[in-house]
Amino acid sequence: MSAARSATLRDAIGLGVAVGLYGVAFGAAAATAGLSPLQALASSLLMFTGASQFALVGVLGAGGGAAAALGSALLLGTRNTLYGVRLAPLLGDRGRWRRVGTAHWVIDETTALAVSAPDPAHARLAFLAGGATIFTLWNATTLAGALGAAALGPTAKAALDAVVPAAFLALLWPRLRGAFPEVGRQRLVALGGAVIALALTPVVPPGVQVIAAVAAVALAGRPPREVTS
Amino acid sequence: MSNAGLWAVVLAGGLGCYLLKLAGLSVPAAWVQRPWVTRVAEFVPAALLAALVAVQAATSGDRLVLDGRLVGLAVAAVALALRAPFIVVLVLAGVAGALVHVLA
């Protein structure tokens, strides 16, 4: 095996293991929101995109309805559409049926792995190795988290209640960190989203305030001129 | 929500998220790469995730609530700023939440 090939595999599997740990948090959050372990597992198997899954159970857990839960999950899922556009030339899936299979693994992490690979052959390898590792661990750890949370006492439940917002913060954090493009505007939009959600909480049905927070995207303004690619 | 309702939401979410992924691989790039579409998609996660942080940490139903969750969130923010690994961040937040529960 070439050095580039083993480095690609090592990165992909390493990231997969790290991300798989999030699955425990998701499984626990899903259980807190009232999903059965089987429903938590079905979310991870079928949705397989962490932020959307967390949003779905977050809105349901806050007492939100189906429309608000689905709306926030799908809005977050639009990211993956843009990733697909970037990945299509790298993955080179000419056949329709290949694309139908590949699409399920188009997420933040597999995209990051594929676009940072040195050439399309390694990009495809990184995508598949990362996708397989993350998919396997994410589902296994989801089930473990959901089953574990179901057996908790009141103090452990209070601990879990504090873990869920921390997990959302950890998902958000990289976007607020210095190296992220236009980090100042990302921070402004995040602050706006939080303020809108809290301000609307007393006056709208549960979950709707999360969807309404999308209005904070307007704070991003127009793109800077140099980012026209 | 009823058990059947939860299943419907999970299955519809799965189908919708999959179709969004498939669309990216399938539709002509020019359809998606309009400036305002990419602009919105780049910033939607920040707005929604921050809203979810706020709602999960500081609300209960239609009320604003201050409890151990907010303390856990503050602890998590400090841990993230110190570049602690994800699992450490969650454990610290959970311990803080449990402590407040025990003390209160």
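1. The radius of gyration is taken over C-alpha atoms, and the globule rule is 2.2 Å times the number of residues to the power 0.38. For chain B the radius of gyration is 19 Å, whereas a compact globule of 104 residues would have one near 13 Å. Along the principal axes, the C-alpha atoms of chain B fill a box of roughly 55 × 40 × 25 Å.

2. This is a predicted model, in which local features need pLDDT of at least 70 and side-chain atom pairs count only at pLDDT 80 or more, while totals for chains, interfaces and linings use all residues. Residues are numbered from 1 along each chain as its sequence is written, and chains are lettered from A and ligands numbered from 1 in the order in which they are written.

3. On confidence, the model scores ipTM 0.90 and pTM 0.83. The mean pLDDT (the predictor's confidence in each residue, from 0 to 100) is 92 for chain B, with 100% of the residues at 70 or above. Within chain B, α2(B) has the lowest mean, 77, and α4(B) the highest, 97.

4. Chain B contains 5 helices and 2 strands, in the order α-α-α-β-β-α-α from the N terminus. Helices (H or I, at least four residues) and strands (E, at least two) are DSSP runs, numbered from the N terminus.

5. The contact between the chains draws 84 residues from chain A and 69 from chain B; two residues are in contact if their C-beta atoms, placed from the backbone, lie within 7 Å. On the side of chain B that touches chain A, α3(B) gives the most, with 21 residues. That side has 48 nonpolar, 16 polar and 5 charged residues, where Ala, Val, Leu, Ile, Met, Phe, Trp, Tyr, Cys and Pro count as nonpolar, Asp, Glu, Lys and Arg as charged, and the others, Gly among them, as polar.

6. Helix α2 of chain A (residues 22-32) is mostly covered, with 11 of its 11 residues buried. A residue is buried if 20 or more other C-beta atoms lie within 10 Å of its own, exposed if 12 or fewer, and partly exposed in between, with C-beta atoms placed from the backbone. The cover of α2(A) includes α1, α3, α4, α8 and α9 of chain A together with α5 of chain B. After α2(A) comes A:Gly34, with a positive phi near 105°.

7. Why does A:Phe48 count as buried? A:Phe48 does so because it has 23 C-beta neighbours inside 10 Å. This residue lies in the loop between α3 (37-46) and α4 (50-61) of chain A. Leaving aside residues up to four places away in sequence, A:Phe48 touches A:His104, A:Ile107 and A:Phe135.
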